[in-house]
Amino acid sequence: MKKFLLPAALCAALASCTGRSYPELDKAKWLLGDWEHTIPEGRFTESWEQENDSVYAGKSFFIAENDTTFAEYIQLTEDHGKLKYIVSVKGQNGEEPVAFTLTQASDRQLVFENPQHDFPDKIIYRKISADSVVAEISGLQNGRPAAEVFPLERKK
């Protein structure tokens, strides 16, 4: 058993020393943390954490009273210099994840798009302040332009 520990530790150390960076993923670092918005119908929460050096993991829930009425799981991952927003929602898209590609980025905004997806086909995150973010989804719904806006405050 001890014979395997040294090579495994060496491999892990070498992997962390490759100097590989993820500049596209770093653009989304300000999303990390716990966010929420409460309305009379319930509470929307979104949480982001760094899963590893190339992936941020997110999850969103809408809770009405004590019932979770909506849940989605998200990965922000950089692959070959492109940042992807990959979302899975139970009961939607045949249980398959849907990928959106980063098309615009600044210090205060991230825009992800997938023109082939029905709704939404665009996801935008806007940084208002260190403790305030607005998420927006938009696209065509039943042939008409539609959008939903989610103002979020950082949970303390």
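Predicted model: local features only at pLDDT ≥ 70, side-chain atom pairs only at ≥ 80, totals over all residues.
**Overall layout**

The protein chain contains two helices and 10 strands. Read from the N terminus, the order of elements is α-α-β-β-β-β-β-β-β-β-β-β. The chain has 156 residues, and buried residues make up 34% of them. Taking contacts between residues at least 6 apart in sequence, 26% join residues at least 24 apart.

**Aromatic pairs**

A pair of aromatic rings is described by the distance of the centres and the angle of the planes. The model has seven aromatic pairs. Two of these pairs are set out in the table.

| Pair | Centre to centre | Angle between planes | Type |
|---|---|---|---|
| Phe 61 and Tyr 73 | 5.9 Å | 80° | edge-to-face |
| Tyr 85 and Phe 112 | 5.1 Å | 40° | tilted |

Tyr 73 counts as partly exposed because its relative accessibility is 46%.

Tyr 85 has a relative accessibility of 3%, so it counts as buried. Phe 112 is buried as well, because its relative accessible area is 0%. Both residues are members of one aromatic cluster, together with Trp 48, Phe 100 and Tyr 125.

**The largest nonpolar core**

In soluble globular proteins, nonpolar side chains tend to be buried together. In this model the largest nonpolar core has 29 residues. Which of its residues touch the most other members? They are Leu 31, Trp 48, Leu 76, Tyr 85, Phe 112 and Tyr 125.

Two or more residues of this core come from each of E2, E3, E4, E5, strand E6 (98-105), E7, strand E8 (122-129) and strand E9 (132-141). E5 gives the largest share, four residues.

Leu 76 shows what such a position looks like in detail. Not counting residues up to four places away in sequence, Leu 76 touches Leu 25, Ala 28, Leu 31, Trp 48, Ser 54, Val 55, Tyr 56, Leu 83, Lys 84, Tyr 85 and Phe 112.

**Glu 46**

Glu 46 sits in strand E2 (residues 42-52). Glu 46 is buried, yet it has no salt bridge. How far away is the nearest side chain of opposite charge? That side chain belongs to Arg 154 and is 11 Å away. The side chain of Glu 46 does make a polar contact, at 2.6 Å, with the side chain of Tyr 125. Tyr 125 is also part of the aromatic cluster described above. Apart from neighbours within four places in sequence, Glu 46 is in contact with Gly 33, Asp 34, Trp 35, Lys 59, Ser 60, Tyr 125 and Leu 152.

**Ala 105**

Ala 105 is in strand E6. Its relative accessible area is 38%, so Ala 105 is partly exposed. Leaving out neighbours within four places in sequence, Ala 105 is in contact with Lys 27 and Leu 110. The C-alpha atoms of Ala 105 and Glu 24 are separated by 8.8 Å, while the two residues are 81 residues apart along the chain.

Notes
Residues numbered from 1 in each chain as written. Heavy atoms only, no water. Buried < 20%, exposed > 50% of the residue type's maximum accessible area, 1.4 Å probe, protein only. Lys, Arg positive; Asp, Glu negative; His and termini not counted. Salt bridge = Lys/Arg side-chain N within 4 Å of Asp/Glu carboxyl O. Polar contact = N/O pair within 3.5 Å; in protein donor to acceptor, adjacent residues only side chain to side chain. Contact = heavy atoms within 4.5 Å. Phe/Tyr/Trp six-rings, centres within 6.5 Å; stacked < 30°, edge-to-face > 60°. Core = buried A, V, L, I, M, F, W, Y, C linked by side-chain atoms within 4.5 Å.
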